[in-house]
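Open the model in your viewer and keep the selection panel at hand.

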Amino acid sequence: MSVRNWWLMISVGLGILLNPLNSSMVSVAIPRLQNVFQLDYTGVSWIIFSFYIASSIAQPVMGKASDLFGRRKIFLSGLIVAFIASLLAPFAPSFAWLIVFRIVQAIGTSMMVAVGMAIVRIHVTEKQATALSVLSIFLSGAAAIGPFIGGVIIHWWGWPAIFFVNIPFVVVSFLLSWRNIPKEHSSLTVSSGMSLRKWFNWIDGSGILFFTVGLVALLIGLLSAKSSGHIAVGNVVVSLIGLALLGVFVRHELKAASPFIPLRTFAKYPAMTWVNLEFMLVNVLYYSLFFGVPSYLQVVRHVSEYQTGILMLTLGLCSLVTSPIAGRWIDKSGPRPALLVSAILMTAGSVWLVTLNQSSPVISVCLALAAFGISNGLNNVGMQAALFQSSPKEIIGVASGLFNTSRYLGTILSSLLIGIIMRGKFSFEGFQVLGIILTIIALALVFMSRRRRKSGDMREQFN
(Lines give C-alpha, C1' and ligand atoms only; values in the text may rest on other atoms or scores of the structure.)
Protein backbone atom coordinates (compact mmCIF):
# COMPACT_ATOMS: atom_id res chain seq x y z
CA MET A 1 0.00 0.00 0.00
CA SER A 2 1.37 3.41 -0.98
CA VAL A 3 2.44 6.08 1.51
CA ARG A 4 -0.25 8.40 0.15
CA ASN A 5 -2.95 5.85 0.95
CA TRP A 6 -1.64 5.46 4.48
CA TRP A 7 -1.83 9.22 4.98
CA LEU A 8 -5.39 9.18 3.64
CA MET A 9 -6.39 6.46 6.12
CA ILE A 10 -4.79 8.34 9.02
CA SER A 11 -6.54 11.56 7.98
CA VAL A 12 -9.93 9.85 7.89
CA GLY A 13 -9.24 7.68 10.94
CA LEU A 14 -8.47 10.65 13.19
CA GLY A 15 -11.84 12.11 12.23
CA ILE A 16 -14.09 9.06 12.51
CA LEU A 17 -12.72 8.04 15.92
CA LEU A 18 -14.30 11.16 17.45
CA ASN A 19 -17.83 9.68 17.42
CA PRO A 20 -17.09 6.46 19.36
CA LEU A 21 -14.56 8.27 21.57
CA ASN A 22 -17.10 10.87 22.69
CA SER A 23 -19.82 8.27 23.14
CA SER A 24 -17.65 6.26 25.56
CA MET A 25 -15.63 8.93 27.41
CA VAL A 26 -18.79 10.33 28.97
CA SER A 27 -19.45 7.06 30.85
CA VAL A 28 -16.86 8.04 33.46
CA ALA A 29 -18.17 11.62 33.68
CA ILE A 30 -21.76 10.73 34.66
CA PRO A 31 -21.33 11.02 38.48
CA ARG A 32 -19.33 14.25 38.12
CA LEU A 33 -21.94 15.85 35.83
CA GLN A 34 -24.68 14.71 38.18
CA ASN A 35 -23.03 16.59 41.06
CA VAL A 36 -22.11 19.69 39.05
CA PHE A 37 -25.60 20.24 37.62
CA GLN A 38 -27.50 18.85 40.66
CA LEU A 39 -29.39 16.20 38.67
CA ASP A 40 -30.69 12.74 39.45
CA TYR A 41 -29.43 9.78 37.43
CA THR A 42 -32.42 9.90 35.08
CA GLY A 43 -31.81 13.55 34.25
CA VAL A 44 -28.11 13.21 33.62
CA SER A 45 -28.68 10.17 31.39
CA TRP A 46 -29.93 12.53 28.66
CA ILE A 47 -26.27 13.33 27.98
CA ILE A 48 -26.18 9.76 26.63
CA PHE A 49 -29.60 9.64 24.98
CA SER A 50 -29.12 12.90 23.08
CA PHE A 51 -25.83 11.79 21.53
CA TYR A 52 -27.11 8.43 20.31
CA ILE A 53 -30.43 9.72 19.00
CA ALA A 54 -28.68 12.52 17.09
CA SER A 55 -26.07 10.09 15.72
CA SER A 56 -28.68 7.56 14.61
CA ILE A 57 -30.43 10.28 12.58
CA ALA A 58 -27.42 12.22 11.32
CA GLN A 59 -25.41 9.35 9.88
CA PRO A 60 -27.92 8.14 7.24
CA VAL A 61 -28.95 11.71 6.40
CA MET A 62 -25.35 12.83 5.91
CA GLY A 63 -24.64 9.72 3.87
CA LYS A 64 -27.38 10.83 1.48
CA ALA A 65 -26.19 14.44 1.54
CA SER A 66 -22.73 13.35 0.46
CA ASP A 67 -24.19 12.16 -2.84
CA LEU A 68 -25.08 15.77 -3.61
CA PHE A 69 -22.35 17.82 -1.99
CA GLY A 70 -19.43 15.40 -2.14
CA ARG A 71 -17.87 13.27 0.56
CA ARG A 72 -14.84 15.51 1.03
CA LYS A 73 -17.01 18.56 1.76
CA ILE A 74 -19.17 16.62 4.21
CA PHE A 75 -16.11 15.24 6.01
CA LEU A 76 -14.40 18.64 6.34
CA SER A 77 -17.67 20.31 7.38
CA GLY A 78 -18.13 17.65 10.05
CA LEU A 79 -14.72 18.49 11.49
CA ILE A 80 -15.67 22.18 11.68
CA VAL A 81 -19.00 21.39 13.39
CA ALA A 82 -17.27 19.07 15.88
CA PHE A 83 -14.65 21.75 16.59
CA ILE A 84 -17.27 24.39 17.36
CA ALA A 85 -19.28 22.06 19.61
CA SER A 86 -16.20 20.84 21.50
CA LEU A 87 -15.04 24.43 22.02
CA LEU A 88 -18.40 25.71 23.32
CA ALA A 89 -19.61 22.73 25.39
CA PRO A 90 -17.27 23.31 28.39
CA PHE A 91 -18.73 26.83 28.75
CA ALA A 92 -22.36 25.69 28.71
CA PRO A 93 -24.31 27.89 31.20
CA SER A 94 -26.75 25.07 32.00
CA PHE A 95 -27.27 21.36 31.45
CA ALA A 96 -29.83 22.09 28.73
CA TRP A 97 -27.18 24.02 26.78
CA LEU A 98 -24.71 21.18 27.34
CA ILE A 99 -27.25 18.81 25.74
CA VAL A 100 -27.56 21.20 22.76
CA PHE A 101 -23.79 21.25 22.24
CA ARG A 102 -23.69 17.48 22.71
CA ILE A 103 -26.26 17.08 19.91
CA VAL A 104 -24.25 19.38 17.65
CA GLN A 105 -21.14 17.35 18.47
CA ALA A 106 -22.97 14.12 17.57
CA ILE A 107 -24.06 15.60 14.23
CA GLY A 108 -20.52 16.77 13.40
CA THR A 109 -18.84 13.48 14.30
CA SER A 110 -21.57 11.52 12.49
CA MET A 111 -20.87 13.46 9.30
CA MET A 112 -17.36 11.99 9.31
CA VAL A 113 -18.44 8.43 10.14
CA ALA A 114 -21.13 8.56 7.44
CA VAL A 115 -18.59 9.20 4.65
CA GLY A 116 -15.23 8.08 6.08
CA MET A 117 -15.48 4.44 5.05
CA ALA A 118 -16.75 5.44 1.59
CA ILE A 119 -13.81 7.83 1.07
CA VAL A 120 -11.30 5.08 1.77
CA ARG A 121 -13.22 2.49 -0.25
CA ILE A 122 -13.29 4.81 -3.30
CA HIS A 123 -9.77 6.21 -3.21
CA VAL A 124 -7.77 3.25 -1.83
CA THR A 125 -7.94 0.77 -4.67
CA GLU A 126 -5.32 -1.68 -3.42
CA LYS A 127 -5.66 -3.91 -0.34
CA GLN A 128 -9.08 -2.52 0.51
CA ALA A 129 -9.71 -5.15 3.18
CA THR A 130 -6.58 -4.00 5.01
CA ALA A 131 -7.61 -0.36 4.67
CA LEU A 132 -11.10 -0.97 6.05
CA SER A 133 -9.73 -3.07 8.91
CA VAL A 134 -7.42 -0.17 9.85
CA LEU A 135 -10.42 2.18 10.02
CA SER A 136 -12.28 -0.41 12.11
CA ILE A 137 -9.41 -0.28 14.59
CA PHE A 138 -9.84 3.50 14.85
CA LEU A 139 -13.57 3.04 15.52
CA SER A 140 -13.50 0.07 17.91
CA GLY A 141 -10.25 1.17 19.57
CA ALA A 142 -11.57 4.65 20.35
CA ALA A 143 -14.74 3.22 21.90
CA ALA A 144 -12.78 0.66 23.91
CA ILE A 145 -10.25 3.04 25.46
CA GLY A 146 -12.66 5.98 25.79
CA PRO A 147 -13.42 5.34 29.49
CA PHE A 148 -9.69 5.17 30.27
CA ILE A 149 -9.00 8.46 28.48
CA GLY A 150 -12.05 10.05 30.08
CA GLY A 151 -11.07 8.89 33.56
CA VAL A 152 -7.53 10.23 33.33
CA ILE A 153 -8.59 13.56 31.81
CA ILE A 154 -11.42 14.20 34.30
CA HIS A 155 -9.14 13.32 37.23
CA TRP A 156 -6.54 15.92 36.27
CA TRP A 157 -8.52 18.63 34.48
CA GLY A 158 -12.22 18.13 35.27
CA TRP A 159 -15.21 17.26 33.09
CA PRO A 160 -14.78 20.13 30.55
CA ALA A 161 -11.55 18.49 29.40
CA ILE A 162 -13.44 15.59 27.78
CA PHE A 163 -14.62 18.14 25.21
CA PHE A 164 -11.35 20.05 24.86
CA VAL A 165 -9.47 16.79 24.15
CA ASN A 166 -11.27 16.62 20.78
CA ILE A 167 -9.68 19.82 19.50
CA PRO A 168 -6.17 18.43 18.72
CA PHE A 169 -7.73 15.48 16.87
CA VAL A 170 -9.99 17.82 14.88
CA VAL A 171 -7.20 20.23 13.92
CA VAL A 172 -4.76 17.49 12.84
CA SER A 173 -7.47 15.59 10.95
CA PHE A 174 -8.62 18.76 9.17
CA LEU A 175 -5.10 19.71 8.04
CA LEU A 176 -4.33 16.18 6.86
CA SER A 177 -7.74 15.71 5.22
CA TRP A 178 -7.53 19.03 3.38
CA ARG A 179 -4.30 17.83 1.84
CA ASN A 180 -4.93 14.09 1.37
CA ILE A 181 -8.63 13.61 0.56
CA PRO A 182 -8.99 14.03 -3.21
CA LYS A 183 -11.47 16.58 -4.52
CA GLU A 184 -14.61 15.13 -6.08
CA HIS A 185 -17.03 16.20 -8.75
CA SER A 186 -20.19 16.62 -6.66
CA SER A 187 -23.69 16.61 -8.12
CA LEU A 188 -24.57 19.89 -6.45
CA THR A 189 -25.70 21.32 -9.77
CA VAL A 190 -28.40 18.68 -9.92
CA SER A 191 -29.77 19.87 -6.56
CA SER A 192 -29.67 23.57 -7.36
CA GLY A 193 -33.23 23.41 -8.61
CA MET A 194 -34.41 21.22 -5.77
CA SER A 195 -37.10 22.93 -3.72
CA LEU A 196 -37.19 22.74 0.06
CA ARG A 197 -40.14 20.37 -0.15
CA LYS A 198 -38.36 18.03 -2.54
CA TRP A 199 -35.27 18.11 -0.33
CA PHE A 200 -37.45 17.30 2.72
CA ASN A 201 -39.01 14.33 0.92
CA TRP A 202 -35.65 13.16 -0.44
CA ILE A 203 -34.16 12.77 3.02
CA ASP A 204 -37.52 11.44 4.32
CA GLY A 205 -37.99 14.37 6.65
CA SER A 206 -41.42 13.10 7.73
CA GLY A 207 -39.98 9.75 8.77
CA ILE A 208 -37.16 11.43 10.70
CA LEU A 209 -39.67 13.69 12.47
CA PHE A 210 -41.99 10.82 13.46
CA PHE A 211 -39.03 8.72 14.64
CA THR A 212 -37.37 11.49 16.67
CA VAL A 213 -40.46 12.95 18.36
CA GLY A 214 -41.94 9.51 19.01
CA LEU A 215 -38.76 8.12 20.53
CA VAL A 216 -38.08 11.19 22.70
CA ALA A 217 -41.70 11.28 23.93
CA LEU A 218 -41.58 7.59 24.83
CA LEU A 219 -38.30 8.02 26.69
CA ILE A 220 -39.57 11.06 28.61
CA GLY A 221 -42.77 9.25 29.62
CA LEU A 222 -41.03 6.08 30.80
CA LEU A 223 -38.12 7.77 32.56
CA SER A 224 -40.31 10.39 34.27
CA ALA A 225 -42.57 7.69 35.68
CA LYS A 226 -39.65 5.76 37.16
CA SER A 227 -37.85 8.85 38.40
CA SER A 228 -40.90 10.11 40.30
CA GLY A 229 -41.65 6.65 41.69
CA HIS A 230 -45.29 6.65 40.56
CA ILE A 231 -47.17 6.55 37.30
CA ALA A 232 -48.94 9.84 36.67
CA VAL A 233 -51.58 10.41 34.01
CA GLY A 234 -49.28 12.84 32.22
CA ASN A 235 -46.52 10.22 31.97
CA VAL A 236 -48.94 7.69 30.51
CA VAL A 237 -50.23 10.21 27.96
CA VAL A 238 -46.71 11.18 26.86
CA SER A 239 -45.72 7.51 26.55
CA LEU A 240 -48.83 6.71 24.52
CA ILE A 241 -48.17 9.67 22.22
CA GLY A 242 -44.64 8.38 21.72
CA LEU A 243 -45.87 4.88 20.89
CA ALA A 244 -48.49 6.26 18.51
CA LEU A 245 -45.91 8.36 16.66
CA LEU A 246 -43.57 5.39 16.38
CA GLY A 247 -46.50 3.40 14.97
CA VAL A 248 -47.10 6.17 12.42
CA PHE A 249 -43.37 6.08 11.65
CA VAL A 250 -43.48 2.35 10.88
CA ARG A 251 -46.51 2.78 8.61
CA HIS A 252 -44.89 5.75 6.85
CA GLU A 253 -41.58 3.92 6.28
CA LEU A 254 -43.33 0.91 4.73
CA LYS A 255 -44.90 3.22 2.12
CA ALA A 256 -42.13 5.79 1.59
CA ALA A 257 -40.28 5.74 -1.73
CA SER A 258 -36.98 6.72 -0.07
CA PRO A 259 -37.41 5.69 3.59
CA PHE A 260 -35.17 6.87 6.42
CA ILE A 261 -35.05 3.27 7.68
CA PRO A 262 -36.00 0.75 4.94
CA LEU A 263 -38.15 -1.52 7.10
CA ARG A 264 -39.36 -3.51 4.09
CA THR A 265 -35.89 -5.00 3.81
CA PHE A 266 -36.33 -6.73 7.18
CA ALA A 267 -39.43 -8.58 5.96
CA LYS A 268 -37.74 -9.56 2.71
CA TYR A 269 -34.55 -10.97 4.26
CA PRO A 270 -35.37 -12.75 7.56
CA ALA A 271 -31.81 -14.04 8.05
CA MET A 272 -30.50 -10.48 7.97
CA THR A 273 -33.28 -9.43 10.35
CA TRP A 274 -32.14 -12.11 12.79
CA VAL A 275 -28.56 -10.77 12.67
CA ASN A 276 -29.73 -7.21 13.33
CA LEU A 277 -31.87 -8.32 16.28
CA GLU A 278 -28.90 -10.20 17.73
CA PHE A 279 -26.63 -7.19 17.18
CA MET A 280 -29.12 -4.91 18.92
CA LEU A 281 -29.21 -7.21 21.98
CA VAL A 282 -25.39 -7.36 21.99
CA ASN A 283 -25.28 -3.57 22.18
CA VAL A 284 -27.96 -3.42 24.88
CA LEU A 285 -25.82 -5.72 27.00
CA TYR A 286 -22.45 -4.21 26.18
CA TYR A 287 -23.41 -0.56 26.67
CA SER A 288 -25.40 -1.33 29.83
CA LEU A 289 -22.13 -2.63 31.18
CA PHE A 290 -20.23 0.27 29.62
CA PHE A 291 -22.28 2.86 31.51
CA GLY A 292 -23.23 0.76 34.53
CA VAL A 293 -19.81 -0.38 35.76
CA PRO A 294 -18.18 3.10 35.95
CA SER A 295 -21.14 4.37 38.00
CA TYR A 296 -20.95 1.27 40.24
CA LEU A 297 -17.24 1.89 40.84
CA GLN A 298 -17.63 5.60 41.54
CA VAL A 299 -20.99 5.77 43.34
CA VAL A 300 -21.02 2.44 45.19
CA ARG A 301 -17.30 1.76 45.65
CA HIS A 302 -16.20 5.44 45.80
CA VAL A 303 -13.41 4.83 43.29
CA SER A 304 -11.92 7.93 41.65
CA GLU A 305 -12.38 8.72 37.95
CA TYR A 306 -8.69 7.99 37.37
CA GLN A 307 -8.87 4.54 38.96
CA THR A 308 -12.16 3.83 37.20
CA GLY A 309 -10.51 4.63 33.87
CA ILE A 310 -7.61 2.29 34.67
CA LEU A 311 -9.99 -0.56 35.56
CA MET A 312 -12.12 -0.01 32.45
CA LEU A 313 -8.95 -0.29 30.39
CA THR A 314 -9.15 -4.03 31.07
CA LEU A 315 -12.20 -4.18 28.83
CA GLY A 316 -10.61 -2.09 26.09
CA LEU A 317 -7.30 -3.95 25.94
CA CYS A 318 -8.97 -7.38 25.90
CA SER A 319 -11.21 -6.22 23.08
CA LEU A 320 -8.34 -4.83 21.00
CA VAL A 321 -6.17 -7.93 21.48
CA THR A 322 -9.02 -10.30 20.63
CA SER A 323 -10.24 -8.62 17.41
CA PRO A 324 -7.35 -9.63 15.08
CA ILE A 325 -7.36 -13.18 16.49
CA ALA A 326 -11.11 -13.34 15.93
CA GLY A 327 -10.63 -12.26 12.32
CA ARG A 328 -8.39 -15.24 11.54
CA TRP A 329 -10.67 -17.65 13.39
CA ILE A 330 -13.83 -16.43 11.64
CA ASP A 331 -12.08 -16.50 8.26
CA LYS A 332 -11.55 -20.26 8.75
CA SER A 333 -14.66 -21.33 10.66
CA GLY A 334 -17.31 -18.71 9.97
CA PRO A 335 -19.01 -16.47 12.55
CA ARG A 336 -21.08 -19.10 14.37
CA PRO A 337 -18.41 -20.57 16.73
CA ALA A 338 -16.98 -17.16 17.64
CA LEU A 339 -20.41 -15.66 18.36
CA LEU A 340 -21.37 -18.68 20.47
CA VAL A 341 -18.20 -18.34 22.56
CA SER A 342 -18.86 -14.62 22.83
CA ALA A 343 -22.39 -15.21 24.13
CA ILE A 344 -21.11 -17.74 26.69
CA LEU A 345 -18.48 -15.24 27.90
CA MET A 346 -21.13 -12.52 28.20
CA THR A 347 -23.27 -14.89 30.24
CA ALA A 348 -20.35 -15.70 32.54
CA GLY A 349 -19.50 -11.99 32.90
CA SER A 350 -23.11 -11.07 33.69
CA VAL A 351 -23.39 -13.79 36.33
CA TRP A 352 -20.11 -12.56 37.79
CA LEU A 353 -21.52 -9.03 38.06
CA VAL A 354 -24.44 -10.36 40.12
CA THR A 355 -21.99 -11.87 42.62
CA LEU A 356 -20.20 -8.55 43.23
CA ASN A 357 -20.86 -6.61 46.44
CA GLN A 358 -19.72 -3.33 47.98
CA SER A 359 -16.42 -4.85 49.11
CA SER A 360 -15.56 -7.31 46.33
CA PRO A 361 -11.85 -7.38 45.40
CA VAL A 362 -10.92 -5.18 42.45
CA ILE A 363 -9.65 -8.25 40.62
CA SER A 364 -13.25 -9.53 40.56
CA VAL A 365 -14.36 -6.48 38.60
CA CYS A 366 -11.39 -6.90 36.24
CA LEU A 367 -12.32 -10.54 35.56
CA ALA A 368 -15.85 -9.56 34.58
CA LEU A 369 -14.54 -6.75 32.37
CA ALA A 370 -12.03 -9.13 30.76
CA ALA A 371 -14.83 -11.56 29.86
CA PHE A 372 -16.85 -8.77 28.27
CA GLY A 373 -13.76 -7.37 26.53
CA ILE A 374 -12.94 -10.70 24.88
CA SER A 375 -16.57 -11.17 23.87
CA ASN A 376 -16.64 -7.65 22.40
CA GLY A 377 -13.53 -8.42 20.33
CA LEU A 378 -15.26 -11.52 18.97
CA ASN A 379 -18.47 -9.58 18.27
CA ASN A 380 -16.68 -6.74 16.46
CA VAL A 381 -15.67 -9.14 13.70
CA GLY A 382 -18.27 -11.90 14.09
CA MET A 383 -21.39 -9.76 13.79
CA GLN A 384 -20.00 -7.97 10.72
CA ALA A 385 -19.20 -11.33 9.12
CA ALA A 386 -22.67 -12.63 9.97
CA LEU A 387 -24.18 -9.56 8.31
CA PHE A 388 -22.22 -10.10 5.10
CA GLN A 389 -23.18 -13.77 5.15
CA SER A 390 -26.91 -13.08 5.54
CA SER A 391 -27.18 -10.10 3.17
CA PRO A 392 -27.32 -10.32 -0.64
CA LYS A 393 -24.45 -8.44 -2.27
CA GLU A 394 -26.77 -6.10 -4.16
CA ILE A 395 -28.15 -4.58 -0.93
CA ILE A 396 -24.99 -4.58 1.18
CA GLY A 397 -25.08 -0.77 1.43
CA VAL A 398 -28.64 -0.81 2.78
CA ALA A 399 -27.74 -3.71 5.05
CA SER A 400 -24.81 -1.80 6.54
CA GLY A 401 -27.07 1.18 7.22
CA LEU A 402 -29.61 -1.02 9.00
CA PHE A 403 -26.76 -2.62 10.93
CA ASN A 404 -25.68 0.78 12.29
CA THR A 405 -29.31 1.58 13.13
CA SER A 406 -29.49 -1.62 15.18
CA ARG A 407 -26.33 -0.56 17.00
CA TYR A 408 -27.82 2.80 17.98
CA LEU A 409 -31.17 1.31 18.99
CA GLY A 410 -29.25 -1.06 21.26
CA THR A 411 -27.30 1.79 22.86
CA ILE A 412 -30.48 3.82 23.39
CA LEU A 413 -32.24 0.83 24.94
CA SER A 414 -29.27 0.21 27.24
CA SER A 415 -29.49 3.76 28.58
CA LEU A 416 -33.26 3.40 28.98
CA LEU A 417 -32.79 0.10 30.83
CA ILE A 418 -30.38 1.63 33.34
CA GLY A 419 -32.56 4.72 33.78
CA ILE A 420 -35.67 2.63 34.52
CA ILE A 421 -33.88 0.30 36.95
CA MET A 422 -32.13 3.03 38.93
CA ARG A 423 -35.22 5.27 39.38
CA GLY A 424 -33.22 8.48 39.42
CA LYS A 425 -30.45 7.28 41.77
CA PHE A 426 -27.71 4.77 41.01
CA SER A 427 -27.63 2.10 43.73
CA PHE A 428 -25.98 -1.22 44.45
CA GLU A 429 -29.35 -2.98 44.52
CA GLY A 430 -30.17 -1.58 41.10
CA PHE A 431 -26.78 -2.72 39.83
CA GLN A 432 -27.57 -6.28 40.94
CA VAL A 433 -30.93 -6.16 39.16
CA LEU A 434 -29.10 -4.90 36.06
CA GLY A 435 -26.73 -7.89 36.29
CA ILE A 436 -29.68 -10.31 36.43
CA ILE A 437 -31.31 -8.73 33.36
CA LEU A 438 -28.00 -8.79 31.46
CA THR A 439 -27.67 -12.50 32.33
CA ILE A 440 -31.08 -13.16 30.77
CA ILE A 441 -30.11 -11.22 27.64
CA ALA A 442 -26.80 -13.10 27.41
CA LEU A 443 -28.59 -16.45 27.70
CA ALA A 444 -30.91 -15.37 24.88
CA LEU A 445 -27.82 -14.63 22.78
CA VAL A 446 -26.46 -18.11 23.54
CA PHE A 447 -29.74 -19.56 22.28
CA MET A 448 -29.68 -17.39 19.16
CA SER A 449 -26.07 -18.31 18.39
CA ARG A 450 -26.77 -22.04 18.78
CA ARG A 451 -29.64 -21.77 16.30
CA ARG A 452 -27.50 -19.97 13.74
CA ARG A 453 -27.13 -21.91 10.53
CA LYS A 454 -23.64 -23.33 10.16
CA SER A 455 -21.73 -21.31 7.62
CA GLY A 456 -19.50 -22.42 4.83
CA ASP A 457 -16.04 -21.13 4.15
CA MET A 458 -16.19 -17.39 4.90
CA ARG A 459 -13.44 -16.73 2.44
CA GLU A 460 -15.92 -17.45 -0.34
CA GLN A 461 -18.27 -14.83 1.10
CA PHE A 462 -15.73 -12.04 0.78
CA ASN A 463 -14.32 -12.98 -2.64
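A residue counts as buried when its relative accessible area is under 20%. By that cut-off, 54% of the 463 residues of the protein chain in this predicted model are buried.

Start with the whole protein chain, shown as a cartoon. Its secondary structure comes to 21 helices and zero strands. Switch to the C-alpha trace, which spans about 60 × 50 × 45 Å along its principal axes. Among contacts with a separation of 6 or more, 84% join residues 24 or more positions apart.

Next, select helix α9, residues 166–180, and pick out Ser173 within this helix. Is Ser173 buried or exposed? Ser173 has 0% relative accessibility, so it counts as buried. Now show what surrounds Ser173: leaving aside residues up to four places away in sequence, Ser173 touches Ser11, Leu14, Gly15, Phe75 and Leu79. For Gly15, display the backbone nitrogen, which lies 3.5 Å from a polar atom of the Ser173 side chain.

Last, select helix α16 (residues 305–333) together with helix α17 (residues 335–355). Their axes come within 7 Å and cross at roughly 130 degrees; α16 and α17 are therefore oblique to each other. Show side chains where they meet: Trp329, Ile330 and Ser333 from α16, and Pro335, Pro337, Ala338 and Val341 from α17. By class, this contact has six nonpolar residues, one polar and no charged ones.

Notes
Residues numbered from 1 in each chain as written. Predicted model: local features only at pLDDT ≥ 70, side-chain atom pairs only at ≥ 80, totals over all residues. Heavy atoms only, no water. Axes fitted to C-alpha atoms, helices over the stretch in contact; angles between N-to-C directions. Helix = DSSP H or I, 4+ residues; strand = E, 2+ residues; numbered from the N terminus. Parallel < 35°, antiparallel > 145°, perpendicular 65-115°, else oblique. Contact = heavy atoms within 4.5 Å. Nonpolar A, V, L, I, M, F, W, Y, C, P; charged D, E, K, R; others polar. Buried < 20%, exposed > 50% of the residue type's maximum accessible area, 1.4 Å probe, protein only. Polar contact = N/O pair within 3.5 Å; in protein donor to acceptor, adjacent residues only side chain to side chain.
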